[in-house]
Amino acid sequence: AKQAAKTVLDTLNPKDNVGVVAFSDYASGPGGCYSQSLAEATEENIAALKEFVERLAPEGFTNYQAALQLAFKQIEAKSTANQTAGNRYKVILFLTDGEPTGSASDIMQTIYDRNSRLGFSVVILTYGMHIDSSGTAANILNDMALQNYQSYGIQSSGSSPAGKSDIVSSDQDIRLQMGSYYAFFEPDIEVIEPVITVPYYDAFGLGLVTTVAIPVYVGSGSERRLAGVVGVDVTLADLVEDVTYFRRGELSYAFV
């Protein structure tokens, strides 16, 4: 589970906002500002969140309601502070290996109350680890993901976005499922233009680099599918060198 959380953190870039909530009998965050609001996914913040995840140890029960309250609190705090956050996907990745301590109706009421304050904009993706796929936990995780309020007598005044629920049986599976959460938000269209990433520090000492990538599709018609991605890393030093090679004329200039 720790590796799954770290894998999710590794998918983020500085344009993203992120928070981590741990829960047992109660819910808690890493402390300080990290517990009060989402943080920008900078290298420093990601390292701090990973350190928090690494220190976690299993204990107590699984208080779903407390975890959801704190997660929504962090999202709401960031949305209030940053008005541009309204244009972003808002998502809670909820991972548990236990039965809820509270009633299912109380859990669903918490989701409804908190999500309604955010205009029903939060998607919930749930992941059950080592739990019975036909048990109580699996059922409530599915209802949480679908935000199925009607089954609990809650009359919704807005349209809630449906997420999805996955039940997995191994550490490797949970890492794969959670690490590919972003696929849920991909539009059902082909990307034909190259994607250029935000610059980042190369792990092998090349300095700041950017990755230029483009997807590769195979097949045709209904059989057409994504086969993989081809990409190349370009150092910023090389880009700057190419630009500065050109002499600036009286009516021209070069830029990256």
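This is a predicted model: local features need pLDDT of at least 70, side-chain atom pairs count only at pLDDT 80 or more; totals for chains, interfaces and linings use all residues.
Let's start with α1, which spans residues 2-10. Buried residues in this helix are A4, K6, T7, V8 and L9. Among the elements that cover them are β1 (17-18), α3 (43-55), β5 (90-96) and α7 (171-179).

## How α1 meets α3

The axes of α1 and α3 come within 10 Å and cross at roughly 170°. Angles over 145 degrees count as roughly antiparallel, so that is how these two helices run relative to each other.

On the α1 side, the contact is made by K2, A5, K6, L9 and D10, and on the α3 side by I46, L49, K50, V53 and E54. Sorted by class, this contact has 5 nonpolar and 5 charged residues, with no polar ones.

Side chains of opposite charge can pair when their charged atoms come close. The model has 6 salt bridges. One of them joins E54 and K6, with the closest N and O atoms 2.3 Å apart. E54 belongs to α3 and K6 to α1, so this pair ties together parts 48 residues apart in sequence. K6 is buried, at 16% relative accessible area, while E54 is partly exposed, at 41%.

D10 and K50 also form a salt bridge, at 2.4 Å from N to O. Here D10 in α1 is linked to K50 in α3, 40 residues apart. D10 counts as exposed at 51% relative accessibility, whereas K50 is partly exposed at 24%.

## Elsewhere in the chain

D166 and K164 form another salt bridge, their closest N and O atoms lying 3.7 Å apart. D166 is buried, with a relative accessible area of 17%, and K164 is partly exposed at 33%.

Methods: Residues are numbered from 1 along each chain as its sequence is written. Side-chain values use heavy atoms; hydrogens and water are left out. Buried means under 20% relative accessible area, exposed over 50%, partly exposed in between (1.4 Å probe, protein chains only). Helices (H or I, at least four residues) and strands (E, at least two) are DSSP runs, numbered from the N terminus. Contact means heavy atoms within 4.5 Å. Axes are lines fitted to C-alpha atoms, for helices over the stretch in contact, and angles run from 0 to 180 degrees between N-to-C directions. Angles under 35 degrees count as roughly parallel, over 145 as roughly antiparallel, 65 to 115 as roughly perpendicular and the rest as oblique. Ala, Val, Leu, Ile, Met, Phe, Trp, Tyr, Cys and Pro count as nonpolar, Asp, Glu, Lys and Arg as charged, and the others, Gly among them, as polar. A salt bridge is a side-chain nitrogen of Lys or Arg within 4 Å of a carboxyl oxygen of Asp or Glu.
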